[in-house]
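Visitor: I am new to protein models and would like to learn how to read one. Could you take me through it step by step?

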Amino acid sequence: METKKIILDCDPGMDDSMAIVMAVKSPKLDVMAVTTVNGNYPVDVTCINARKVLELLNRTDIPVARGMANPIIRKSPSDPFTHGKDGQAEAFLPDPKIPLSKLDAVDLIIETVKANPGEVTLVSTGPMSNIAMAMIKAPEIKDMIPEIIAISGAFGLNDYAFLNATGDTPQSEWNVYVDPEAAKIVYESGVKLVCLGLDVATYFDVNFSDADIARLEKSDKPEAKFLLNAIHFVNGRGFDAYCTVIDCMAVAYAIDNTLVETMDAHVGVETKDGLTLGMTVIDRRHHFVWEHLPFIKVGRKADCGRFLGLLMDLVLA
Ligand SMILES: [Ca+2]
């Protein structure tokens with residue numbers, strides 16, 4: 001079977017951790033590297049958590065690189081949503097033994113893309129600081145990246161987009177809100193960009209059935225226990241179970257792009273402070289559309305049932 005090469009750029013985070021599980025266990029993906037960034041937690045935590053998950057999966061062959069400690073020009077805000085003391089729903093996995101890559105995340109992205117021109121899809125589940133910096137440092141890679149699939153933005157295509165807005169402004173999504181300048185650079189890069197925003201990734205419908213929970217409880221896979229613990233953790237804090245798997249939607253799309261219906265749209269990223277900071281403004285007008293805005297693919301509808309089925313199958317495999 002032909003596999004798709006990916007780099008997973010993430011900020012684990014419990015849902016990033018589950019995204020790593022899905023990506024690594026999918027026979028359709030070849031995870032070339034996991035690169036970590038500041039976001040849900042400081043990068044010192046996210047690069048530990050990424051390695052913890054890979055050790056849990058016995059995939060210590062996959063390199064993990066430490067990335068940007070801060071957004072491109074801003075100070076990092078702190079996330080009001082808690083992923084627990086360890087950033088992994090208080091699973092308290094053992095400290096990792098595998099060393100970090102000698103390259104930092106920005107250089108590892110550049111080197112991996114250059115070594116495999118046209119072949120490495122970037123899957124982004126955190127702020128886009130690493131990817132933007134890689135494009136600044138080595139602009140030639142923009143022509144070598146076939147696609148970027150990102151958990152990014154909130155586009156107002158349905159109720160989900162804003163009811164569960166995760167940034168600290170009323171209509172922003174957390175990853176863009178943390179580093180809007182980085183998002184702007186990536187959106188404007190000309191690389192094919194698929195943004196799966198809150199419209200498709202924070203779905204109340206993505207909740208595990210009693211039968212799903214029973215399957216997880218019966219499994220002796222450590223990753224099933226990890227997910228179960230995360231579900232109990234968020235439920236105990238008054239959140240729905242979908243919070244544990246938001247980032248998994250990007251990996252799911254990388255595996256099977258029929259899981260999310262997309263539309264092509266002109267979208268600008270707001271970088272001015274104030275009410276709309278971090279907002280991804282979509283121009284859907286029939287007339288006078290701002291064609292100078294980046295033209296990207298935006299997720300408008302996810303097949304939540306099939307998504308959850310794929311997720312469960314990979315966790316339990
Ligand atoms: Ca994330």
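Guide: We will go from the sheet to a strand, a helix and a metal site. This is a predicted model, in which local features need pLDDT of at least 70, side-chain atom pairs count only at pLDDT 80 or more, and totals for chains, interfaces and linings use all residues. Residues are numbered from 1 along each chain as its sequence is written, and side-chain values use heavy atoms, with hydrogens and water left out.

Visitor: In what order do the nine strands of the open sheet come?

Guide: Strands of a sheet pair through backbone hydrogen bonds, either parallel or antiparallel. Here strands (E, at least two residues) and helices (H or I, at least four) are DSSP runs numbered from the N terminus, and two strands pair if DSSP finds at least two bridges between them. The order is S3-S2-S1-S4-S5-S6-S9-S7-S8, with mixed pairing. S3 and S8 (280–283) are at the edges with a single partner strand each, so one side of each has no neighbour in the sheet. From one strand to the next, the twist averages 30°.

Visitor: How many bridges join S5 to S6?

Guide: There are four, and S5 and S6 (residues 193–196) run parallel. Within S6, Leu-193 is the bridge partner of Ile-148, and Val-194 is that of Ile-149. S5 also pairs with S4 (residues 120–124), in the parallel sense over three bridges, and there Ser-124 stands opposite Ala-150.

Visitor: Are the faces of S5 covered or open?

Guide: Buried means under 20% relative accessible area, exposed over 50%, and partly exposed in between (1.4 Å probe, protein chains only). Both faces of S5 (residues 148–151) are covered: Ile-148 and Ala-150 are buried on one side, Ile-149 and Ile-151 on the other.

Visitor: Why is H2 described as largely enclosed?

Guide: Ten of its 14 residues are buried, so the rest of the structure largely encloses H2. Among the buried ones are Val-43, Cys-47 and Leu-54. Just after H2, Asn-58 takes a positive phi of about 55°.

Visitor: Which protein donors does the calcium ion have?

Guide: Donors are N, O and S atoms within 2.8 Å of the metal (3.2 Å for Na, K and Ca); water is not among the atoms, so sites may look incomplete. For the calcium ion they are Asp-11 (OD), Asp-16 (OD), Asp-16 (OD), Thr-125 (O) and Asp-247 (OD), at 2.2 to 2.5 Å. The donor residues follow the spacing D-x4-D-x108-T-x121-D in sequence. Both Asp-11 and Asp-16 are buried.

How values were computed. Axes are lines fitted to C-alpha atoms, for helices over the stretch in contact, and angles run from 0 to 180 degrees between N-to-C directions.
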